[in-house]
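Visitor: Hi! I'm new to this one, could you walk me through it?

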Amino acid sequence: MIVVKDLVRQFKSGDRTIKPVNGVSFELDKGSLASIVGKSGSGKSTLLSLLGALDKPTSGDVVVDGVSLAGLPDGKLTEYRRRDIGFVFQQFNLIPNLSAVDNVMLPMEFSGIRKAARLQRAKELLEQVQLDPEKHSRRTNRLSGGEQQRVAIARALANEPKLILADEPTGNLDEQTGGHIIELLSSLSRDHNTTILVVTHDRSLAQKTQRCFRLQQGRLTEEVRTGSRR
Amino acid sequence: MSVLARSVGNAFRNKIRTAAVVAVLALAIGLALAMLVANQAVGAKIQELNASVGTTLTVNPAGGQGFEGGGEPLTTAEAETAASVANVTSVVGTKALRVQTATTATSNSDSATGATQQTGPGGGFGPAGQQATVTTNLTAAVDAGTLGNRNNASGNTGSQATRTLPITATGIGAEVDSTGKALEITNGTGLGDYTASEAKALMGTSLAEKNGLTVGSTFTIQDKTFTVAGIFDAGTTFGNNAVYVTLPEAQTLAETPDELSTMIVTVNSMENVDSTKTAVQDALGTDKADVTQGQRNLETAVNSLDSVKNISMIAFIAALATAGIIILLIMVMLVRERRREIGVLKAIGARNRTIGLQFVLESLVLVALGSVVGAVIASLASGGIASALVSSNTTTTAATTQRGGGLAGTTPNGTVPGGGMPGGGLSGDGQGGPFGGASQLLTSVTANVSPGVLAAGIAAVFTVAIIGALVPALLTARIRPIEVLRGE
Ligand SMILES: Nc1ncnc2c1ncn2[C@@H]1O[C@H](COP(=O)(O)OP(=O)(O)O)[C@@H](O)[C@H]1O
Ligand SMILES: [Mg+2]
């Protein structure tokens with residue numbers, strides 16, 4: 001259960017102050033799949049980075065399973081990212097000179113999981129995201145965009161996080177490949193009971209999530225669904 | 001995939017750049033190691049020079065050194081006078097004899113008048129001078145060769161084809177060679193009491209071998225039978241063609257009791273050598289004795305070697321610092337370049353210390369490669385670098401150092417034949433002086449790229465590299481995880 005309370009993040013550029021996140025509050029239940037839509041530059045990435053402790057809010061708080069991020073020192077925030085969060089980025093952000101398996105093993109190595117165990121789990125995860133087995137040991141800069149995003153999703157799942165934050169995961173992919181990634185995310189949310197929050201301006205993706213939020217002028221509003229879910 | 005494996009992998013991500021970095025590092029590290037090797041070699045040489053000359057003064061009769069000049073011989077009484085001078089720890093008298101193989105002595109006797117024989121000055125061995133010529137049944141271990149024949153011929157109008165060379169026999173007042181250096185006895189014992197007359201002798205290895213003698217064997221000098229008490233190794237062909245007997249024994253053989261060829265005066269400390277030299281000179285009188293100081297002759301050589309040592313140390317530190325700065329700059333560049341990737345690692349939960357360690361290890365991989373290539377460069381270059389340093393520094397002092405004294409011949413490390421004649425002064429050889437020490441240095445420097453010094457140098461390189469790499473490693477700690485979103 002994730003509770004976001006009155007979150008504010010402001011940036012100073014010159015003598016101007018902008019507040020892409022200006023008083024955002026919402027709650028997400030465990031295992032839910034939700035999306036955030038909004039115009040480019042509306043603050044979606046900023047909000048996501050606050051939820052994933054990549055950045056610190058100017059004010060407000062994020063409470064994950066009763067633990068407030070606001071009071072945590074940097075070391076604990078690193079641990080929070082390692083244990084509780086899985087990131088999926090628009091530009092994949094894999095380590096280019098490492099193989100697919102090595103990339104997926106990386107978060108497990110940081111958690112101190114034994115090598116044999118993490119190798120086995122990495123292979124299982126790559127199978128789950130349907131990466132061709134013969135590409136498991138291929139360097140990720142030699143994989144296609146869709147394949148890279150599958151590896152990135154497997155890496156996000158590596159430490160069985162409570163929350164997966166995906167920032168425009170289909171933004172760099174063609175429509176068909178993007179569709180596959182969306183399918184993958186929603187099936188993972190179902191099968192693993194993992195909470196997934198997807199930022200997208202892809203209407204069809206937003207349509208498929210249980211809940212959909214719109215970020216506008218720093219405020220978050222939930223869109224009321226009329227049609228069927230999923 | 002471990003941190004180490006990732007670091008190694010990262011070091012080779014851009015192979016062309018890695019090669020360039022390793023090449024530049026290797027140059028700096030190679031220079032540093034070469035300088036360290038040169039520094040060590042020069043340091044060792046200085047120590048050797050100081051140790052070999054140490055705190056001894058040589059006293060020769062006034063107006064005469066060895067075989068040249070004239071004047072009155074030194075006496076035992078003068079040795080006592082010298083011994084009573086302040087700061088003098090010991091005075092060792094020597095009495096040099098020129099020993100001819102019986103047959104040669106007879107054939108030469110027409111030209112040799114009385115007890116002394118004047119043979120021309122020359123490089124191979126010094127002629128008699130004040131040395132008494134006596135006969136022996138020993139055969140010299142050195143073949144006459146061109147020098148020997150020329151030397152002998154100069155005192156003889158006859159033209160014999162080959163000759164047996166004389167053997168150096170010296171009476172010594174302590175267990176030291178004719179230059180005051182301690183004798184290295186390899187077999188048997190010393191002579192015990194060097195102030196007593198006894199028919200025992202110490203013999204050089206090659207001379208003993210040539211005559212088939214071992215410890216306990218006997219031979220004759222002037223028809224008197226001597227027992228070989230010990231075999232010594234002087235380290236040189238010339239030095240090993242020698243016999244030592246006790247001082248009184250030599251004086252008896254020469255029929256000149258109380259006479260000394262030279263005195264070796266040992267001073268209690270280096271600082272007192274100068275003042276003691278003057279004091280001994282005053283005590284003996286300038287008309288009676290010439291006091292020469294081995295150290296004086298070497299001072300300029302040692303000083304110039306000292307400056308070489310300092311230059312090489314400064315160059316070592318500078319090259320080491322350069323290597324450190326190269327690492328620092330390269331790593332700062334890499335950290336900046338991989339800002340976003342560091343953000344990724346932080347976003348997926350890497351600790352600061354894991355990332356820092358990865359960068360330090362990566363720099364160590366580069367340094368290790370640079371060290372390997374650098375060590376090769378150093379092995380090839382250190383001889384040349386050392387000789388360049390030494391030759392540019394010693395040519396200016398060559399003129400002053402050539403005024404070699406009696407001790408000069410042994411100064412390099414006792415391996416230079418030539419100027420080391422008993423009491424020999426200006427032997428005209430030039431090779432045996434401290435100048436010879438400088439040229440000897442070159443060969444010993446090239447031979448001295450020791451694994452120990454290289455290891456110490458590489459340890460220093462790694463220490464500097466770790467310091468250089470820590471700065472960028474700490475910089476990675478300051479990179480915020482939000483960097484992962486840069487450019488998105
Ligand atoms: N570090 C920063 N410093 C200054 N302004 C920033 C910074 N990060 C984001 N912004 C600004 O905040 C606004 C929201 O950015 P972002 O969250 O990336 O939008 P979105 O992801 O919705 O496109 C933009 O105007 C952007 O320029
Ligand atoms: Mg964005």
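Guide: One term before we start: a salt bridge is a side-chain nitrogen of Lys or Arg within 4 Å of a carboxyl oxygen of Asp or Glu. Also keep in mind that this is a predicted model.

Visitor: Okay, how many salt bridges are there between chain A and chain B?
Guide: Two salt bridges are counted between chain A and chain B. In one salt bridge, the side chain of A:Asp55 meets that of B:Arg480, at 3.9 Å from N to O.

Visitor: And which residues are joined with those two in a network?
Guide: Salt bridges with shared partners join A:Arg9, A:Asp55 and B:Arg480 into one network.

Visitor: What about polar contacts between the chains, how many residue pairs?
Guide: There are 10 residue pairs in polar contact between chain A and chain B, both residues being at pLDDT 80 or more.

Visitor: Which element of chain A gives the most to the side that touches chain B?
Guide: That's α3(A), with six residues. By residue type, that side of chain A divides into 11 nonpolar, seven polar and nine charged.

Visitor: How much area is buried between the two chains?
Guide: About 2200 Å², and carbon and sulfur atoms give 56% of it. On the chain A side, A:Leu54, A:Asn93 and A:Phe110 lose the most area to chain B, together 25% of what that side buries. The contact takes 27 residues from chain A and 25 residues from chain B.

Visitor: Switching topic: what's chain B like by itself, how many helices and strands?
Guide: Chain B has 15 helices and 15 strands. It has 488 residues, and 52% of them count as buried. Chain B exposes about 19800 Å², with carbon and sulfur atoms supplying 59% of that.

Visitor: Back to salt bridges, how many over all chains?
Guide: A search of the whole structure finds 23. One of the salt bridges pairs A:Lys76 with A:Glu79, at 3.8 Å from N to O. Both residues lie in helix α2 of chain A, three residues apart, about one turn of the helix.

Visitor: Where do A:Glu160 and A:Arg121 sit in the chain?
Guide: A:Glu160 forms a salt bridge with A:Arg121, with the closest N and O atoms 3.7 Å apart. This pair links distant parts of the chain: A:Glu160 is in the loop between α5 and β7 of chain A, while A:Arg121 is in helix α4, 39 residues apart.

Note on methods:
Residues are numbered from 1 along each chain as its sequence is written. Chains are lettered from A and ligands numbered from 1 in the order in which they are written. This is a predicted model: local features need pLDDT of at least 70, side-chain atom pairs count only at pLDDT 80 or more; totals for chains, interfaces and linings use all residues. Side-chain values use heavy atoms; hydrogens and water are left out. Helices (H or I, at least four residues) and strands (E, at least two) are DSSP runs, numbered from the N terminus. Buried means under 20% relative accessible area, exposed over 50%, partly exposed in between (1.4 Å probe, protein chains only). Accessible areas come from the Shrake-Rupley method with a 1.4 Å probe; for residues, only the protein chains shown count as cover. Contact means heavy atoms within 4.5 Å. Buried area is the accessible area (1.4 Å probe) that two parts lose on being put together, summed over both. A polar contact is a pair of N or O atoms within 3.5 Å; within protein, one must be able to donate a hydrogen and the other to accept it, and residues adjacent in sequence count only if both atoms are side-chain atoms. Ala, Val, Leu, Ile, Met, Phe, Trp, Tyr, Cys and Pro count as nonpolar, Asp, Glu, Lys and Arg as charged, and the others, Gly among them, as polar.
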